[in-house]
Amino acid sequence: MKGFDQQTLHDLEFNQIREWLAAFSIGDTAKKRLENLVPNNDFDAIEFELLRLNEFKRIRVEGESFPALDFEELLAEIKAGIERGNAVLQQEGFVRITRASELFNHIIHFFDKRSQDFPNLFALLNQVYFTRELIEAIEKVFDRRGQIKDDASPELFVIRQQIAKLRNQINRNFDKEMRRYLKEGLLGDTKEAFINERRVLTVQSSHKRKVGGMVVGSSKTGSLTFIEPAINIPLNNELEMSLDDERKEIFRILQELTRDIAHQLPLIEAYQSLLTEFDFINSKTKLALDLNANLPGIVRNTRIELIDAFHPILWKTNKSLGKVTLPQSLILDPNNRMLVISGPNAGGKSITLKTIGLLQIMLQAGLLIPVHENSKFCFFQQVLTDIGDNQSIENELSTYSYRLKRMKYFLKIANRRTLLLLDEFGTGSDPELGGALAEVFFEELYNRKSYGVITTHYANIKLKADRLPNAVNGCMLFNTETLEPLYRFSIGQPGSSFTF
């Protein structure tokens, strides 16, 4: 996606967000979408996704009785099976179709009196409609346990009656033979076993010639011989033929049912599409609830107003350790669009910068974010980062060479809809030369009317921010008495690095 290069996503640890999302998914289709989720710069599409997601969050938070998303996907094999004229869906496929149809009937019923409350979610249902046609067609063949009914066809009813009769006779004969040979002391301790789905006697090998029937195997030690009683051999053979008749009749029934529902293929395809879409939205909702995330106000002019914003990864990490995370609040607008943050090492400069960046790309990936709902966000065409030591051994790039290459790229594409996040701006070379070059880059990016958050220790960058009308200094606060960082941000003045 233009403007959201892989390095930016890597620098801001967006992959951790994707991993959390994928863990919430039910089916593989939504999971793959979430694993490959990227920010978007189609502003209308993002806003629609966010509004829809916020509606689903409201349903969950307000305790609405939305149907449980308990489903199996209608896989491509089902579609392929329906489309081929002589193909047959498997039993599991019909069960999945029934459950999907029942689920969407419940969802449609849920929205019957709520379409005005949740209009964006309701709009998803334009391809489906309430119907029992599919369910009733399948229920003529299948029972509630997903098994084919005995009376699915007259022929099957007769075949299964014959099978039941044969099995009863086989079992009566077997029990009679087992009692006789047990009384004669010819059987082993286990008395019987199943070989190839047939009941056989477990006979002591020394007495095997005293038992009438067919030898079908022996134990590993050879002390026992498995014998099918002679009286049951023709009955078992007849049973095998009847079972084969049953398989053929079931195939014919399923083939006919497949043809009967083939005209419903567009509806079944819509079920598959919407199952995965609701799975996708539900996973996002679960993450939003997990992070206490909200939908901020979306503005079309370029403005970011963070109120009580948390870095989600830091917040979850600290929560697991029982530590408190302090929220951040700041504003970027046309009058203060380039923010230079200075202050003590380990005082939170980088976290503040990463918080802004990660929340921005999460929002543009259609995710709710951990900020106060009165916060305001716009959308950017691209978010670009230069964070940390990206020295590449493979490409033989030093830190400074990498940063020069990255800056060249920024100067090529930056515009008024670009958000730049530059950590330790200008470092990696001689301090005087690095500071001078950083100042030139800063001024050039400023002239592009880009938005940016820059962390630095360079005094000349702080001074430049003070002189430029649409740039502003900010600092991370430091307790001069205890000599400890406070991890709180203050706008309006630069801060000392407190090196000593």
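Which residues line the second largest pocket? The lining comprises Arg167, Ile170, Asn171, Phe194, Glu197, Arg198, Arg199, Asn236, Leu239, Glu240 and Leu243. A pocket is here an open set of points on a 1 Å grid over the protein atoms alone, with protein on both sides within 12 Å along at least five of seven lines, and lining residues have an atom within 4 Å of a point.

**Basis of the model**

The model is predicted: local features need pLDDT of at least 70 and side-chain atom pairs count only at pLDDT 80 or more, while totals for chains, interfaces and linings use all residues. Residues are numbered from 1 along each chain as its sequence is written, and side-chain values use heavy atoms, leaving out hydrogens and water. The protein chain has an average pLDDT (the predictor's confidence in each residue, from 0 to 100) of 89, and 88% of the residues score at least 70. Over residues 391-396 pLDDT stays under 50, and the model has four contacts (heavy atoms within 4.5 Å) beyond four places in sequence for this stretch.

Four strands form an open sheet in the order S1-S2-S4-S3, with antiparallel pairing. Strand S1 (187-195) and strand S3 (213-218) are at the edges with a single partner strand each, so one side of each has no neighbour in the sheet. From one strand to the next, the twist averages 35 degrees. Strands are DSSP runs of E of at least two residues, and helices are runs of H or I of at least four; two strands pair if DSSP finds at least two bridges between them.

S3 pairs with strand S4 (residues 224-229) in the antiparallel sense over five bridges; Gly217 has Phe226 in S4 as its bridge partner. Helix H10 (residues 233-261) lies across strand S2 (198-204), S3 and S4, and runs at about 150 degrees to S2. Angles run from 0 to 180 degrees between N-to-C directions of axes fitted to C-alpha atoms.

**Pocket and cavity**

H10 also provides the largest share of the lining of the second largest pocket, four residues. Helix H9 (154-183), S2 and H10 each supply at least two residues of this lining.

The structure holds two cavities of 30 Å³ or more, a cavity being a set of points where a 1.4 Å probe fits but cannot get out. Leu53, Lys284, Leu287, Ala288, Leu367 and Leu368 line the second largest cavity, and helix H11 (residues 265-290) gives the largest share, three residues.

| Space | Volume | Lining by class |
|---|---|---|
| Second largest pocket | About 220 Å³ | four nonpolar, two polar, five charged residues |
| Second largest cavity | About 30 Å³ | five nonpolar, no polar, one charged residue |

Definitions and conventions: Points joined across faces, edges and corners; volume = space filled by probe spheres on them. Nonpolar A, V, L, I, M, F, W, Y, C, P; charged D, E, K, R; others polar.
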